[in-house]
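Please look over the sequence and the model first.

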Amino acid sequence: MDTTLSIPTTGPRLSHTEITNMASTYSHEWRAVCDKFNNAQDLSEVESRKDPENDPFRSKYKARELLREIYCSLKNFDVGENESVNDEADQRPTEQPVDGGMEEGFGRGHCGDSPAGSRAAKLGAVEYYLGVNHVETEELSAGEEHLMNCMTLLEKCSISPENVSLFIQVRNQLGILWAGRDEIEKAQGFLETAEAMYIRYMKEDGQPPMDLTEFFVAEEEALPQQERTKRFEMAYTHTLYYLAQVYKNLEQYEKAGGYCHSTLQRQLEFNQFIPLEWAINAATLSQYYITKTLYMEGRHCLSAASVIAGLAGEVPSEAAAQESEAEAEKRDQLRQKRAEIARCWIKYCLNLLQDAKKLLEDNIGELDMDRQAELRATRLKEEEEKERGRKSAVLFGSSDTFDSICGLEEKVSCVFPVDFEEARAIFLVGQTYVNQAKEYFEMDGHVTDHIEILQDHSALFKALAFFEEDLERRCKMHKRRVDMMEPICKDLNSQYYLLVCRQLQFELAETYYEMMDLKLAVANKQDDLDAHTVKKFNHLCSSSTKFYQMFLDSVRSPEGKWPEKLEDEVLRPALVAKFRVARLHSRLISSSKTVQLENLNRALECYNFVVQYCKDNPEAKSAIETELELSEEMVSLLPLKINRIQANLASSN
């Protein structure tokens, strides 16, 4: 839609002072308008905070009435007699719209410092404030109407220092409004246009523009240049922040991450941030970088988050918190936010170890020496390339905080570990943050969070164990995992925490299973198995079986019946559990042929279950291809072994 308007103008341009005092007969009226505007601002921003709960918008409504009176007064002011003849000197060249067919103020129109341009901008500013007022009082349709009226008035103007802030901020508000209605693409259009306007203005003009509030002040009350710059840059920072949310909702995660990073950097640069809020946003951004294996960027975000969170001050003591409600609230908030940042650090360390494991493991999950040597050789080159990229990246921090951020970064690696010592260094950092996080997220009051932290701690041990070559020491690491999870699993009420109980049961079963495999590997190196080794091995098998069975029992109905069809979220875990219970039964060591026969029959029963379930539900095959293939093989082989044992028993009798 072409919305370019060409309004004839003539005569010399007027300064802001001349516009504000365009006729002495209006001086008194203009002062009254300015006073009303100041009162409206005070009502909206200060008095509204004191409004009672049963009349929460009282001050907003009063401000609205004042804004309406201002609008009427402005409409009655004479624009001047020089607005009827076209003046080419007062126009900018017509250019293509910067956003999908919508005229965005770079074409023909009144210059911002002309009488007509000033009048349109002032009316537009009042429409803007009326729009914001209606949105804040939850009258969205009316708010949209006023904001679009502002847009219409601005279409008569070309962008200039007098109106560019209004051009951008009205689009910011419309972007928020449409995003709130889940009309994300409409929001995107307004916000991308606001971004383009800022970039174009800074390229073509760049001087600190007027703030919206300056439309209604006398010259002596105009803002200093530095304050104008700060407010204008804040408006653009908001544009970038809203765009980050829009791109996230559009699942354009790379773009969203870039805009979020730019937002955070600008907030630091212009000192426009609340420390804890900024720190949490930076820590959250780190998690995006981690999913993209951008560990240098993730580490930078987390280091900055930790340092900036420190600017929020010391945590009040328990004694101070007991004496003051404000101190108690501050204590809780500081402890919670810092614990949340600690949890992000845990994820950083855990993912770094796990991603290194994926690179280094062979097809049976063991450390591949050739890959280890290859990774070690290529890592130095990659580090140099990353460092070059780092120098061109947007880094966080001011002169006061940059050194602290860099110092924290140096305490943990951002490259994949290739051996146990490197992995252990990362593990120890993660474990430090586990202890920090648990100080706030205690079992009493934060059950789910506390257990998730324990699960991450367990996962850290599991990842570290991969790098340990000594099988006995590796087994001890898994024992640490059991020791931290088993008491919780026993005490937790499955009626209220079914999902968590299932997770713990399955992880404990897997951990005992891994310990059993390790003990088997150690035993295979011995000529003879002593009674202690056999007892220990059987204990691990039985413990793993017990927790797999607890998991499987949780899938049954209250009457104890197995479901005809497993739900998607438990399909693979349940069938894997059945498969492993079968394997565990067949691994139990016994000198008694009768016991051996019982164990093999139980194993065959479980293998048969897996095979039969996949026959009845063919769609399940893709979920457990390897386990199904082995189960089918064992279903054909085990009966032969069972028959041999039965024959031996019969002959011995």
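The sections below cover the basis of the values, the salt bridges and the nonpolar cores.

## Basis

This is a predicted model: local features need pLDDT of at least 70, side-chain atom pairs count only at pLDDT 80 or more, and totals for chains, interfaces and linings use all residues. Residues are numbered from 1 along each chain as its sequence is written, and side-chain values use heavy atoms, with hydrogens and water left out.

## Salt bridges

The count comes to 35 salt bridges. The term needs a side-chain nitrogen of Lys or Arg within 4 Å of a carboxyl oxygen of Asp or Glu.

Glutamate 47 pairs with lysine 50 at 3.5 Å, N to O. Glutamate 47 is partly exposed, at 27% relative accessibility. Lysine 50 is exposed, at 58%. The classes are buried (under 20% relative accessible area), exposed (over 50%) and partly exposed (in between), with a 1.4 Å probe and protein chains only.

## Two further pairs and a network

Aspartate 419 bridges to arginine 376, with the closest N and O atoms 3.5 Å apart. This pair links distant parts of the chain, 43 residues apart. Aspartate 419 sits in the loop between α15 (402-409) and α16 (420-440), while arginine 376 belongs to helix α14 (residues 369-392). Helices are DSSP runs (H or I, at least four residues), numbered from the N terminus. Both partners are partly exposed: aspartate 419 has a relative accessible area of 22%, and arginine 376 is at 40%.

Arginine 473 and glutamate 468 form another salt bridge, again with the closest N and O atoms 3.5 Å apart. Here arginine 473 is partly exposed at 44%, whereas glutamate 468 is buried at 6%. Elsewhere, a network of salt bridges links Lys462, Arg481, Glu507 and Glu514.

## Nonpolar cores

In soluble globular proteins, nonpolar side chains tend to be buried together. A nonpolar core here is a set of buried Ala, Val, Leu, Ile, Met, Phe, Trp, Tyr and Cys residues joined through side-chain atoms within 4.5 Å. The largest one has 125 residues. Trp278, Tyr348 and Leu566 have the most contacts inside it. Helix α13 (residues 325-360) supplies the largest share of this core, 14 residues.

What does leucine 566 touch, leaving aside its neighbours within four places in sequence? Its partners are Val555, Leu571, Ala574, Leu575 and Tyr613. Contact means heavy atoms within 4.5 Å.

A second, separate core has 56 residues. Among them are Leu74, Tyr128, Cys150 and Tyr198.

Terms used. Helix = DSSP H or I, 4+ residues; strand = E, 2+ residues; numbered from the N terminus.
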